[in-house]
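Hi,

Here is the structure I promised to pass on to you. Have a look at it first, and then read on for my notes.

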Amino acid sequence: MNGFPDDPKNMPTRLGRRGLFAGSLAFGALAGGRWASVPAAAAALRRTAVPGTVPRLVPMRPHADQIADIKVCLRPFRAAGPRLDVERVGGKVVIHNYGHGGSGWSLSWGSAEMAVGKAAALSPRRVAVVGCGVIGLTTALTAQRAGLDVTIYTRDLLPHTRSVRANGSWTPDSRVALTAPAGPQFADTWERMARYSWKSYRDYLGLPGNPIDFRDSYVLSDTPFDAPEPEPENPDHKGDYATTGMPQQSSEFASYGERIRDIIPASELLSAQENPFAVPYARREPLMIFNFGAYGHLLLSEFYQAGGRIVIREFHTPADMKTLPEPVIINCPGYAARDLWGDRSLIPVRGQTAWLPPQPDVAYGVRYKGASALSKSDGLMIQGFDMSGLGEMDGVGNSFEHADRSEAEKAIGIFENLFARFPAGQG
Amino acid sequence: MRGLQARLRDAALGAGLLALSVQVAHAAPARAGTSYYTAAQAGRGATAYQQFCAVCHGADLGGAFDVPPLVGRFAANWAGAPLGALFDYMSKAMPLFAPGTLTPEQNADLLAFMLRENGAPAGSRDLTPEGLKTMMFPKMTFATVK
Ligand SMILES: Cc1cc2nc3c(=O)[nH]c(=O)nc-3n(C[C@H](O)[C@H](O)[C@H](O)COP(=O)(O)OP(=O)(O)OC[C@H]3O[C@@H](n4cnc5c(N)ncnc54)[C@H](O)[C@@H]3O)c2cc1C
C-alpha cells in the first residue's frame, strides 16, 4: 500500500529523471510542493543517513587526459513504447522485440520473457533470434530456458552493438515511452517487464567478477532537494508529439517508477556533517549497475553452454527472414529496425559516455550538474546526460553517432572540479 | 603432434578452398562486359564520399570499431544481392546524422565509387537509379580483392 497516485499523469515529471531512477520517487514527489499529500515520500526523504554510514570515499581521478574511450549511441525510442507485436512474413512468424529507448538493459529480461511467451505458444522446437544486443541475447537465453533450440542471427556480437555504448545502470523508465501515446496499457506492460527484470538481475548478484553489482550513488545539488526547479522545457517548443510527430517537451516523457517503488531501495539525505562533497546538498541512493564486460561474457557463455548457435549474417530486407530455417523469429535489431523494418516511429536519442581507466578502489557513483560519474569494473564512466538544461529532450532527434570530445571533456570537468575540492572542508 | 588425421583434414581443407575459389570465380562478376559505372562517375562519388561518409566510415572505407567497413566483409555481405536493396538502404538510412538528404544521383555516384573500391571494373555507362534496379552486387574474385 502506498499513498501515491498510480496514474502517471498525476505524477510530477518535470524534474529530469533520466538515469535517475532510484530515488526518483522521493525526488519527484517534491516537485510542485506536493509534500503534504505524500507523507510516505516525506518520511523517506527526511530520513537522514545514520552517522558513520558514509564510508571514507576514495576520490575519483577524473581528468580529460585519462580518456580511454568515448562511446556514442542512439537510444531506440518509440513514443508508444517498445514494439512487441507479431507479424507474418511469408510463412514465418516474426515477434518483434525492439525500441526500448534508454531502458533496454533494465527491461531486457522482462521484455524477453514476453516475446518468448508468444513464441512458445506456437510450440516450435526451434526459434531464430535476430540481433545480439542486450535484447537479443537475453531473448535467446530466455528461449533456451523455455526449452527451445535457439540460433542467433546477427550482424554484430555484443561488444560491437549499441548496447555496450550505454551507461549501464538500472534506469527502467528512462525515455522508454511518452505518457499519452503509450497509454495506460503500456504502463501495465512496463511494470511486468520491470519487475521480471529486477528479479532476473538479482540472480546475477554476488558472482565472481561482479557482472551485476550495486553502487552507492551520491546525488549532489547546490539547492535544497525540495526547492522548486526551473522547468527544463524547450523554450521554443511548438506543440507536442500529437501535433508534430516528435516529442517537444520533457513533460511528455512517461514516468512509471512509482509503480515499483516497493522493491527499489529509497534514497536518504546526508547531513551536512556527513557530506564529504563541497556541494551543500547530497543524497545517497543504492543503484544497480551492469558491468558490460563481465556480464556480456557470462551471458554469451551461458548461451553456448546451453547449446546455442550464432550465425553472423546481415539482413537487407524483411523478406530475407523467409530464408531462415526456423519457423518462428524473434526480431531484436534495436535502432536498426528503423531502416531494416522501415519503422519510422523509431526516434534516435543520442547519448555519449567517456571511459577512463577503472578505479576498483572507488565503489560509488556521483551525479551533479547534469552529469554522472560511475565507477564500474570496466572503467570510470562519465556521461553528460543533461548539461544544457534540456531535460528529457537532450539528444532527441539527434542521430549524429560520432564522438564529441569537447562534450566528454566538459562532463569530466564537472567532476575534476568537484574532486579538486574533496573532501570538503580540507585544504 | 600432427597425426594422420590432421594432415588429412588439412588436405581436405585445401581441396575445399580450391573448390571454393573455383566456384567464386564462376559466380564472378555478372556477365562479362556488364557496365556498372563510369570512371568519371566514381570520381564524383569519391568526392561526395569524402564529404558525407568519410567522417564515420573512414577515408579508406575501412570503418571503425563501431562503424561497418564498406570494403572487405561488406563485399561478402552484399555479393549477389540486388544493388537496388543497397541503394534503397543508402537512400533511406544514410548519412546517419541526416538520413535521406542525398539526391538519387548523389547516391548513385556514391554506389559507383563503392563498386570501384570493391573491385568492380569501370565501364562505358553511368550507374543510374533506374538502371541499377536490375543489377546485382558483383561477387569478388581473387583478381578483384584488393
Ligand atoms: C548513452 C546511452 C546510455 C544508456 N544507458 C542505459 C542505462 O543506463 N540503462 C538501460 O537500461 N539502458 C540504457 N540505454 C539504452 C540501451 O542501451 C538500449 O535500449 C539497448 O542497448 C537496446 O538494445 P538492443 O539489443 O535492442 O539493440 P542493439 O544493441 O542495437 O542491438 C541490435 C542487434 O541487432 C543486430 N542487427 C541490427 N541490424 C541488423 C541487420 N540488418 N541484420 C542482422 N543483424 C542486425 C546488431 O548487430 C545487434 O546485434 C542507454 C543508451 C544510450 C545511448
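**Where the two chains meet**

B:Asp66 and A:Arg165 make a salt bridge, with their closest N and O atoms 3.5 Å apart. Please keep in mind that this is a predicted model. Across the interface of chain A and chain B, one salt bridge is found. There are also five residue pairs in polar contact between the two chains, both residues being at pLDDT 80 or more.

How much area do chain A and chain B bury between them? The figure is about 1400 Å², and 55% of it lies on carbon and sulfur atoms. Chain A puts 15 residues into the contact, and chain B puts in 14 residues.

**Inside the model**

The largest nonpolar core holds 57 residues, and A:Tyr201 and A:Tyr256 have the most contacts inside it. Helix H5 of chain A (residues 179-202) supplies the largest share of this core, with eight residues. Another core, of 34 residues, lies apart from it and includes B:Cys53, B:Ala54, B:Ala81 and B:Leu115.

**Chain A as a whole**

Chain A has 427 residues, and 59% of them are buried. Its secondary structure comes to nine helices and 14 strands. Of the contacts in chain A between residues at least 6 apart in sequence, 78% join residues at least 24 apart.

Enjoy looking around, and do write back with any thoughts.

Best wishes

Definitions and conventions: Residues are numbered from 1 along each chain as its sequence is written. Chains are lettered from A and ligands numbered from 1 in the order in which they are written. This is a predicted model: local features need pLDDT of at least 70, side-chain atom pairs count only at pLDDT 80 or more; totals for chains, interfaces and linings use all residues. Side-chain values use heavy atoms; hydrogens and water are left out. Contact means heavy atoms within 4.5 Å. Buried area is the accessible area (1.4 Å probe) that two parts lose on being put together, summed over both. A salt bridge is a side-chain nitrogen of Lys or Arg within 4 Å of a carboxyl oxygen of Asp or Glu. A polar contact is a pair of N or O atoms within 3.5 Å; within protein, one must be able to donate a hydrogen and the other to accept it, and residues adjacent in sequence count only if both atoms are side-chain atoms. A nonpolar core is a set of buried Ala, Val, Leu, Ile, Met, Phe, Trp, Tyr and Cys residues joined through side-chain atoms within 4.5 Å. Buried means under 20% relative accessible area, exposed over 50%, partly exposed in between (1.4 Å probe, protein chains only). Helices (H or I, at least four residues) and strands (E, at least two) are DSSP runs, numbered from the N terminus.
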